[in-house]
Amino acid sequence: MAKRTFSTLEIFLIFLFVLMTGITVALLSLLFVTSGTTENHTGFPTTQIPPATQGPTAIQASPTPSTPEPTLFQNFSGYHIGVGRADCTGQVADIILMGYSKTGQNARGILTRLYSRAFIMAEPDGSSRVVFVSIEIGMVSQRLRLEVLNRLQSKYGSLYRRDNVILSGTHTHSGPAGYFQYTTFVIASEGFSNRTFEYMVAGIMKSIEIAHTNMKPGKIFINKGNVDGAQINRSPSSYLRNPQSERARYSSNTDKEMVLLKMVDLNGDDLGLISWFAVHPVSMNNSNHLVNSDNVGYASYLFEQEKNKGYLPGEGPYVAAFASSNLGDVSPNILGPHCINTGESCDNANSTCPIGGPSMCIAMGPGQDMLDSTQIIGRIIYEKAKELYASASQEVTGPLASAHQWVNMTDVTVWLNSTHTAKTCKPALGYSFAAGTIDGFGTLNFMQGTTVGDPSWDSIRDQILGKPSEEIKECQKPKPILLHTGELSKPHPWHPDIVDVQIITLGFLAITAIPGEFTTMSGRRLREAVQEEFATYGMLNMTVVISGLCNVYTHYITTYEEYQAQRYEAASTIYGPHTLAAYIQRFRVLAKAIATDTVANLSSGPEPPFFKDLMAPLIPNTVDRAPVGTTFGDVLQPANPKYRVGEVVEVTFVGANPKNSAENQTHQTFLTVEKYEVTSATWQIMHNDASWETRFYWHKGLLGHSNATIQWHIPDTAQPGTYRIRYFGHNRKQNSPKPAVILSFESTPSTFDVVTTW
């Protein structure tokens with residue numbers, strides 16, 4: 001192999017990479033205590049609740065719950081149903097957005113709030129119940145799940161447990177990072193943000209508590225239908241590696257089917273919906289800096305606004321969750337990949353362009369910009385859900401059940417046939433992981449489809465992190481290993497070994513909780529295998545749903561054939577080429593246990609760790625300062641006196657760091673748009689920061705100075721009249737040697753008029 005030469009730019013980037021890695025390793029060594037930091041049942045710091053004892057006995061334990069049980073009416077046909085929604089946004093500034101792993105993509109404001117949506121279903125006599133929570137975050141981390149389970153046990157005893165509670169992330173790439181415990185994700189997050197972690201945990205808990213309190217007798221209906229025009233396969237060459245006979249059974253290289261549950265009370269009044277559809281929420285690309293819920297979040301927004309008329313976004317009793325599915329190789333950027341410098345297609349095995357390489361190959365959405373694309377894709381999803389909801393007539397009936405195990409995914413023996421076996425591997429990321437995808441390319445010009453390592457990069461890795469063992473290299477073939485994360489344990493393991501597998505069933509519906517991102521064909525194989533297992537033991541014609549990004553994050557899961565291509569998804573299949581087969585085996589075990597009523601005999605498996613002493617955020621807290629002669633909230637640029645529908649109102653204020661508002665939640669929004677009602681002589685709130693018509697931008701200056709800009713994009717539905725925009729914030733103040741305090745403030749600038757014509 002000829003020795004590679006580097007351009008001046010690449011040499012500079014390599015120097016930066018080595019420098020930043022060295023600094024990171026040094027910081028990690030200083031900031032972590034590497035001994036005595038793993039806890040399972042005892043020894044937790046006083047601010048944390050240790051994980052519950054997780055053996056089979058623990059499931060049956062019944063400590064006295066601190067919250068009284070709502071009285072359940074037993075004589076009816078259907079289920080007790082509870083729905084709840086709560087804010088789980090976290091920081092909207094001074095934190096990396098989770099998903100693209102792009103350095104510098106810090107949050108700098110908010111487009112929409114993020115919500116946790118909880119659904120509780122219980123049998124008429126209250127004997128069995130299941131919980132499904134869809135959360136508008138990138139993915140559920142193991143630490144997040146363990147903490148939620150701890151608090152549920154403290155509040156409700158054994159009512160809500162590891163086996164009957166599923167936490168699923170929608171996979172928006174525009175939510176805050178910082179809530180992980182494994183080192184790979186801690187580094188990608190630039191530290192652990194307890195501020196954001198606590199905000200998310202509290203929001204998830206609140207949504208479950210609301211659902212628990214509001215349970216009432218009702219019915220669930222299911223419907224299915226294809227969604228057209230909202231997705232493409234972003235690795236079609238990998239998909240083609242699957243057997244032709246298998247591909248011939250399907251009409252598309254993506255799963256177009258949406259599965260929807262409609263929930264109503266016994267009077268037929270609407271309660272909520274859950275839908276599952278496979279699409280990546282990456283319509284907002286990696287140049288975005290505003291926290292938001294992306295395309296599936298826009299679908300939720302539209303449905304909830306339709307059902308909760310008269311309520312502000314995020315308010316009202318109706319709850320609509322658009323959950324993730326087998327979206328691993330599915331993009332919403334339906335115009336496909338093109339070279340942005342020449343316009344030619346780059347839909348090839350390496351996603352690269354003749355001029356400029358992989359960084360020029362980008363897929364575009366259908367809109368004029370990323371926000372327009374987000375709303376177009378979101379509306380397509382919403383319209384199909386609305387159609388399915390209106391026509392849903394097949395009632396879901398039958399008992400509720402749940403099964404869960406922890407599995408050491410680094411050591412699963414996979415039966416290839418009746419005589420031959422293989423094993424899963426210690427985690428590792430391949431070269432193509434660093435290439436990114438057509439939805440968001442990497443920064444160092446790595447290329448998808450790389451099956452041979454580069455001696456220069458290998459040398460840099462070996463000097464900083466040590467060499468990967470021959471065992472892991474052999475196990476992971478044909479993946480050329482860039483990061484041998486399964487052999488890195490300082491300051492904590494870089495990837496999880498212990499992973500959740502879980503199924504909950506509602507009559508003939510089985511929801512499989514997938515701890516990562518299944519590709520299209522991986523999802524199809526798992527659904528088919530689980531359905532077959534149920535049928536083998538008497539549960540015929542089960543509908544099996546893939547619910548993605550659940551309980552713990554383990555990157556991607558491709559088929560064995562797709563793994564050979566080593567595009568991004570395969571390079572990110574961390575447990576090796578037989579990962580999918582291992583999951584299929586483990587989910588078959590759960591399906592059999594449910595079908596044969598032997599869940600109580602399942603072993604809980606090895607309990608996952610819970611780490612403390614995690615790296616603090618790299619961006620420190622600073623005192624907020626207003627310019628001399630001003631105070632927080634003072635108007636720097638007022639609104640114009642008059643606007644027409646379709647124009648943009650913009651007001652700029654003396655600002656303070658918005659992350660303070662994740663600690664002191666005196667105000668529940670950064671902004672309101674209010675209209676003066678002449679008849680009542682009062683101001684009515686028309687929009688808040690959860691509205692898609694508003695934007696809140698934070699502009700960070702030096703030495704604690706900052707500005708905040710609020711925009712209102714006046715919709716066609718706006719009524720003529722007098723309006724005002726208000727700003728709500730929190731500033732950090734410190735008078736040494738006293739500890740810092742966070743103080744609330746608000747600002748009400750002058751009014752302006754909205755007219756239909758001049």
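## Strands and a loop

Strands here are DSSP runs of E, at least two residues in length, numbered from the N terminus. The structure is a predicted model. Strand 14 covers residues 330-331 and strand 15 covers residues 336-339. Leucine 335 sits in the loop between these two strands.

## A nonpolar surface patch

Leu335 is also part of a nonpolar patch on the surface.

## The annotated domain

An unreviewed UniProt entry places the feature "domain: Neutral/alkaline non-lysosomal ceramidase N-terminal" at residues 79-585. In the model, this span is 27% helix and 27% strand. The C-alpha atoms at the ends of residues 79-585 lie 31 Å apart.

## Two helix pairs

Two packed helices are described by the angle between their axes and the distance between the axes.

Helix 8 is formed by residues 294-307 and helix 9 by residues 370-391. Their axes are 7 Å apart, and the helices pack at an angle of about 50°. Helix 8 is therefore oblique to helix 9. The crossing in which helix 8 passes helix 9 is right-handed.

The second pair consists of helix 12, residues 520-536, and helix 15, residues 579-595. The axes of helix 12 and helix 15 come within 8 Å and cross at roughly 30°. Because angles under 35 degrees count as roughly parallel, helix 12 is roughly parallel to helix 15. Helix 12 passes helix 15 in a crossing that is right-handed.

Methods: Residues numbered from 1 in each chain as written. Predicted model: local features only at pLDDT ≥ 70, side-chain atom pairs only at ≥ 80, totals over all residues. Heavy atoms only, no water. Patch = residues over 30% accessible without salt bridge, like charges linked within 9 Å, V, L, I, M, F, W, Y side chains within 5 Å. Areas by Shrake-Rupley, 256 points an atom, 1.4 Å probe, with all protein chains shown as cover. Salt bridge = Lys/Arg side-chain N within 4 Å of Asp/Glu carboxyl O. Helix = DSSP H or I, 4+ residues; strand = E, 2+ residues; numbered from the N terminus. UniProt positions renumbered as here; feature names shortened; annotations may be inferred. Axes fitted to C-alpha atoms, helices over the stretch in contact; angles between N-to-C directions. Parallel < 35°, antiparallel > 145°, perpendicular 65-115°, else oblique. Left-handed = near helix turned anticlockwise from the far one by under 90°.
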